[in-house]
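Me: Please walk me through this model, one feature at a time. I would like the general idea and then the case at hand.

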Amino acid sequence: MFEYFTCLNDEYYLEFTIKRYAAHNGVTDQIHQLQKGDELIIRDVWGAIEYKGPGYFIAGGAGITPFIAILRQLHKDGKLAGNKLLFSNKTAEDIIYEEELKIMLGDNVINILTSAEPTGETGNKYLYGRINEDFLKQYVPDFNDHFYICGPDKMISDINDILVKHGAKPDSVVFEK
Ligand SMILES: Cc1cc2nc3c(=O)[nH]c(=O)nc-3n(C[C@H](O)[C@H](O)[C@H](O)COP(=O)(O)OP(=O)(O)OC[C@H]3O[C@@H](n4cnc5c(N)ncnc54)[C@H](O)[C@@H]3O)c2cc1C
């Protein structure tokens with residue numbers, strides 16, 4: 001199980017953001033039953049997702065979590081300009097940190113929902129569809145950029161394949177291998 005800290009390095013506490021899959025009866029469900037004073041043993045701390053420069057953060061659902069501390073740090077340092085977030089969720093209710101991401105990134109966050117598009121609504125703030133080849137061709141003008149991908153395994157591999165096909169350098173596409 002991968003969990004990235006979502007707090008900044010200089011905070012006095014550790015923060016995790018963990019989606020609960022109650023039906024799986026597994027570790028995420030157990031973690032949500034922790035009580036104040038319980039202890040966690042953290043070991044083998046490692047991870048490959050690190051910031052290499054401005055580009056596109058592409059997240060699916062709870063896959064936003066490894067990007068949170070990076071985006072918060074860039075925001076704090078005034079260095080978030082030039083970064084975009086393409087964030088796919090099934091429904092609007094699934095969007096984690098929607099408000100904070102909007103405050104940090106403004107128009108540079110694009111929320112795309114895979115649920116059916118509501119009919120009869122005007123001025124909807126979400127896009128509907130999937131982050132696929134057509135979507136990326138439309139929203140990524142330059143594939144010669146940095147890309148950070150996290151989400152369901154298949155999403156990571158599908159999007160990586162599309163990016164590389166359109167000229168992204170494998171070294172510039174960051175994800176947990
Ligand atoms: C390095 C790493 C760190 C992680 N850290 C955490 C963590 O700290 N906390 C945590 O809770 N989880 C973490 N995860 C878990 C992981 O991100 C989620 O379990 C996974 O993204 C599924 O989340 P979900 O149920 O919200 O996604 P879903 O709701 O199943 O999917 C999210 C969106 O992705 C879309 N999608 C799915 N497949 C594709 C595809 N092939 N192409 C395009 N779009 C697709 C879906 O349609 C949907 O809109 C981590 C995973 C990795 C790889």
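Me: What is the relative accessible area of Glu-100, and how do I read it?

Reply: Buried means under 20%, exposed over 50%, and partly exposed in between (1.4 Å probe, protein chains only). Glu-100 has 25%, so it is partly exposed. Keep in mind that this is a predicted model, where local features need pLDDT of at least 70, side-chain atom pairs count only at pLDDT 80 or more, and totals for chains, interfaces and linings use all residues. Residues are numbered from 1 along each chain as its sequence is written, and side-chain values use heavy atoms, leaving out hydrogens and water.

Me: Which side chain does Glu-100 meet in a salt bridge?

Reply: A salt bridge needs a side-chain nitrogen of Lys or Arg within 4 Å of a carboxyl oxygen of Asp or Glu. Here the partner is Arg-72, at 2.7 Å from N to O. The pair links distant parts of the chain, 28 residues apart: Arg-72 sits in helix H2 and Glu-100 in helix H3 (residues 98-105). Helices (H or I, at least four residues) and strands (E, at least two) are DSSP runs numbered from the N terminus. Arg-72 has a relative accessible area of 15%, so it is buried. Glu-15 joins Arg-72 and Glu-100 in a network of salt bridges.

Me: How many salt bridges are there by this rule?

Reply: The count is eight. One of them joins Lys-165 and Glu-133, with the closest N and O atoms 2.8 Å apart. That pair also links distant parts of the chain, with Lys-165 in helix H5 and Glu-133 in helix H4 (residues 133-139), 32 residues apart. Lys-165 counts as exposed because its relative accessibility is 60%, whereas Glu-133, at 24%, is partly exposed.

Me: Now the ligand. Which residues come nearest?

Reply: A residue is near if one of its heavy atoms lies within 4 Å. Of the 26 residues around the ligand, Glu-3, Thr-17, Lys-19, Tyr-21 and Ser-88 come nearest. H5 gives the most to this shell, with three residues.
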